[in-house]
Amino acid sequence: MIEEYAQRGIMLPRSREALRRQLRHFVVAEVNGKVVGCGSLCRLGSDLVEIRSLGLREECKGLGIGSLIVEKLTEEARKQGIPKIMALTYAVSFFLKNGFRVVDKEIFPEKVWTDCVNCPKQHACDEIAVLKLLS
Ligand SMILES: CC(C)(COP(=O)(O)OP(=O)(O)OC[C@H]1O[C@@H](n2cnc3c(N)ncnc32)[C@H](O)[C@@H]1OP(=O)(O)O)[C@@H](O)C(=O)NCCC(=O)NCCS
């Protein structure tokens, strides 16, 4: 799933090795025992996590599964005592619907040093930053 979206420029590619290392930070959605969606949390600092690799199989979109994955990841961030959760995305209205707001990308310096350095769009990033404060 991630690879398909990466080829379409919607997600960053993840190697099998990187996925294996990050596996404990992932949640997946299953329908009838088949994985149909995923999403992960990446720690960007002491008070901030990012939602990464959020995507569903085409045929499972629009059923509320993406929102459930975001809810689960948010719950996990809350459990860890992290007050801010963000994403870089093209799916802005989806995140607005899930309680995020659009913010200036420049407020996330940590992000630049972790993932963006390897992104082909690094100097022409057109993704929108969204943020939710957790209480
Ligand atoms: C974005 C995505 C995770 C949403 O999951 P989903 O299960 O389809 O979404 P839900 O059913 O929970 O919510 C649907 C709502 O989100 C909105 N939405 C869904 N996909 C959207 C998109 N690509 N852009 C903007 N809004 C979107 C819809 O307008 C819908 O609102 P409505 O119910 O008022 O019509 C899913 O469509 C997907 O995998 N997209 C491709 C990968 C991607 O863009 N990932 C985000 C990277 S951060």
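How far is an oxygen atom of the ligand from an N or O atom in the side chain of Lys 97? The separation is 2.9 Å.

## Basis

This is a predicted model in which local features need pLDDT of at least 70 and side-chain atom pairs count only at pLDDT 80 or more, while totals for chains, interfaces and linings use all residues. Residues are numbered from 1 along each chain as its sequence is written, and side-chain values use heavy atoms, with hydrogens and water left out.

## Ligand contacts

A polar backbone atom of Gly 66 is 2.7 Å from an oxygen atom of the ligand. A nitrogen atom of the ligand lies 2.9 Å from a polar side-chain atom of Ser 93. On its own the ligand has 870 Å² of accessible area (Shrake-Rupley method, 1.4 Å probe), and the protein covers 71% of that area.

## Ligand shell

The ligand is surrounded by 19 residues (a heavy atom within 4 Å). The closest are Leu 54, Gly 62, Gly 64, Gly 66 and Ser 67. By class, 10 are nonpolar, seven polar and two charged; Gly counts as polar here.

Strand 3 (48-56), helix 3 (65-79), strand 4 (84-89) and helix 4 (92-97) each supply at least two shell residues. Helix 4 gives the most, with four. Helices (H or I, at least four residues) and strands (E, at least two) are DSSP runs, numbered from the N terminus.

## Largest pocket

The ligand sits in the largest pocket, meaning that more than half of its atoms lie within 2 Å of the pocket's grid points. A pocket is an open set of points on a 1 Å grid over the protein atoms alone, where a 1.4 Å probe fits, with protein on both sides within 12 Å along at least five of seven lines; lining residues have an atom within 4 Å of a point.

The largest pocket holds about 1,200 Å³ of space, a volume filled by probe spheres set on the points. Its lining has 49 residues, with Ile 10, Leu 88, Thr 89, Tyr 90 and Glu 127 nearest the centre. Strand 3 gives the most to this lining, with seven residues. The lining divides into 26 nonpolar, 11 polar and 12 charged residues.

## Second largest pocket

About 400 Å³ of space lies in the second largest pocket. Among its 13 lining residues, Met 1, Ile 2, Arg 16, Leu 19 and Phe 26 lie nearest the centre. Helix 1 (2-7), helix 2 (16-22), strand 1 (26-31) and strand 2 (34-45) each give two or more residues to this lining. Helix 2 gives the most, with three. Eight of the lining residues are nonpolar, one is polar and four are charged.

Technical notes. A polar contact is a pair of N or O atoms within 3.5 Å; within protein, one must be able to donate a hydrogen and the other to accept it, and residues adjacent in sequence count only if both atoms are side-chain atoms.
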